[in-house]
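Please view the sequence and the structure before reading on.

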There are 2 protein chains.
Amino acid sequence: MSRADTARRSSRPGRAGIRDVAAAAGVSITTVSDALNGKGRLPDATRRHVREVADRLGYRPSAAARTLRTGKSGLIGLTVTTYGDEPFTFTEFAYFAEMARAATSAALARGYALVILPATSRHDVWSNVALDGTVVIDPSDQDPVVSELVRQGLPVVSDGRPAGPLPVTAWVDNDHEEAVLGILDHLADAGARRIGLLTGTSTDTYTHLSTTAYLRWCERVGQDPVYEAYPAHDPCAGAVAADRLLARPDRPDAVYGLFDPNGTDLLAAARRYGLRVPDDLLLVCCSESTVYANTEPPVTTLSLKPRRIGTAVVQLLIDAIEGVESDQPVEQVIPTELIVRTSSERRPPRTTVSAPRSPEAG
Amino acid sequence: MSRADTARRSSRPGRAGIRDVAAAAGVSITTVSDALNGKGRLPDATRRHVREVADRLGYRPSAAARTLRTGKSGLIGLTVTTYGDEPFTFTEFAYFAEMARAATSAALARGYALVILPATSRHDVWSNVALDGTVVIDPSDQDPVVSELVRQGLPVVSDGRPAGPLPVTAWVDNDHEEAVLGILDHLADAGARRIGLLTGTSTDTYTHLSTTAYLRWCERVGQDPVYEAYPAHDPCAGAVAADRLLARPDRPDAVYGLFDPNGTDLLAAARRYGLRVPDDLLLVCCSESTVYANTEPPVTTLSLKPRRIGTAVVQLLIDAIEGVESDQPVEQVIPTELIVRTSSERRPPRTTVSAPRSPEAG
DNA sequence: CTCGTCGGCAGGTACGTTTCTGCATGGTCG
DNA sequence: CGACCATGCAGAAACGTACCTGCCGACGAG
């Protein structure tokens, strides 16, 4: 005998619940759940029957109820740094897009979906979504969001090694020092006498480590550092900084730019000053963009391999969520790749070695 | 007197629940709920007291339970088209990034978060997340995902007008015909005699409408259409198609490229054939990338205003979710913007007008 | 003095699952 | 032939919240 509320529920024109399936299939709720989830001890006939009835009714289990019951939502947070109201950073644009793409792909392959969340602690949004874990991009030290997440016992994996004593579950990063040193050596090999740096004013680890490596290299080879720093999130400031760098009295004859748009900015600035690339100015910048393959001239770029990073970050996070004892270390260093193009290519040896360029002569 | 299960629950080392707050504050669960949600009839003293206790215990309401109870999750799906395993499209890269950025921002401002989901119907993922609604980018006609969502009664807003009789709640799009006609007129004004098109082989609305508009324009002005189509998701195929277009016996003296990378590809191809831009070849492409401001020469681009589209799509969707009777139409057309740069600029008038270029002579 | 009303709160139910426990039934084995 | 076990399934207790309903006291009006 059906009770009143059962009857009322069946008459709901909305979506079919597990109860409706059970009633239609003439079995209990338990049997339906077991049949659909492949659990319990059921003969194949019952399983098939239940599945068929569920299909016929268009039954979709309620994600909210499942999450409430199991404690797992299948959702992974992806924090995006914000400047003002705008999410994402301008400077890491191609990087972020590629990284997010790989992360999305890796997450989906393991049955998880990514939720885009602001790095700023907007409580109302963060607490409104049930997360199984979070991917954090370039966390600042003492990041309040990360602390809160860790306090809740959620696994947190960061892209970029944590700055301070941030207790993340795992992290993935490049070896930025090695990368910068490699580029500087590469430029020196190509004939650079004075290498400049286009860097940022922000305090994130990437900027900091790269700049420090540059300064150390300068000290080692006995070159005066010559660099310009600008707020990397401002797309216009990059062009201005590139111009400033080439306008200096101690103008460098090679430049490494830490951020994606620096290549085109430096090319434009070089044109303004009548400098030929690579003859008068060697150029390398850190970018994931393919446009540098077709610029005039093509620009040598350093790739941080965001695809591999995005994949690794998600794998580590899901491993932690599911309690898989990964034999991978919880700190993964992804190698970078220097894509050498014309802008930094060693000039063909001439009959006479050209005299060291005087910056004032440029 | 505390019952056994209450005691057991209180001993849970995990997160504090609403019960714990109620017990600690010496009030009932109802009072806690009302106090925190600003409902019910409570004196301010009680409200403050409850809030303070909740803060002290670090109470965070369970998103899953709230969702289950209220039926609202605060989550919006964002479908990304996939080619093979990879989410996002290559061709719409900057467009998608900008659009997603604006959408994320708009959603967060209204207390919603975006969930990235694949356009392919991966049932296991889709049904594992409780969505309040979905943003669909460029749905194909009879899109199974959209149909399923609509069947569930969820609002769906699409970026790009739906191709077939797809029953979306609302859509936002540009007027692609008008945009293409405007560009062709612009090129003709700049002196183009034979305008070529670089288009795609896929069947999405954008490609279709743009190509059709081109063909109609050709018919109107009596020009033989000259175009190359390539699979837009393949980044290499674009360079090849650009090359083919300029290698044709009936080589165009102006080209419009429908996709983002076409500008650099066409510039590179023009260099290979010794064509000067804009003197021998006028160039426009549809792109959101800022690199075209600094190429040699700078390239005229058509912007589809993805920021405005992303914002509009999300506003419409949330309005539908919350049942707001928007006075905006459910079909919004966002104007495009032609950013004119050197690559399509009318050559300065010479003493004698140059003779109409014979394509074979190029 | 009584009755209605309103403020201030507590009890309890429902949201839709998963899963623990337990009850039959039928077969096997000592 | 009885004990036992595996099989096939049902009942019911959670998960944590929101909100409907209702109780109690106080106060003003009649």
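This is a predicted model: local features need pLDDT of at least 70, side-chain atom pairs count only at pLDDT 80 or more; totals for chains, interfaces and linings use all residues.

Residues are numbered from 1 along each chain as its sequence is written, chains are lettered from A in the order in which they are written, and side-chain values use heavy atoms, with hydrogens and water left out.

**Extent of the interface**
- In chain B, 53 residues are in contact with 53 residues of chain A (heavy atoms within 4.5 Å).
- The two chains bury about 4800 Å² between them, 60% of it on carbon and sulfur atoms; buried area is the accessible area (1.4 Å probe) lost on being put together, summed over both parts.
- On the chain B side, Arg60(B), Arg101(B) and Ile116(B) lose the most area to chain A, together 14% of what that side buries.

**Salt bridges**
- Four salt bridges are counted between chain B and chain A (a side-chain nitrogen of Lys or Arg within 4 Å of a carboxyl oxygen of Asp or Glu).
- Glu148(B) and Arg60(A) form a salt bridge through their side chains, at 2.9 Å from N to O.

**Strand pairing**
- Strand E4 (residues 113–118) of chain A pairs with E4(B) in the antiparallel sense over three bridges; strands are DSSP runs of E with at least two residues, numbered from the N terminus, and two of them pair if DSSP finds at least two bridges between them.
- Val115(A) stands opposite Val115(B) in E4(B).

Terms used:
Helices (H or I, at least four residues) and strands (E, at least two) are DSSP runs, numbered from the N terminus.
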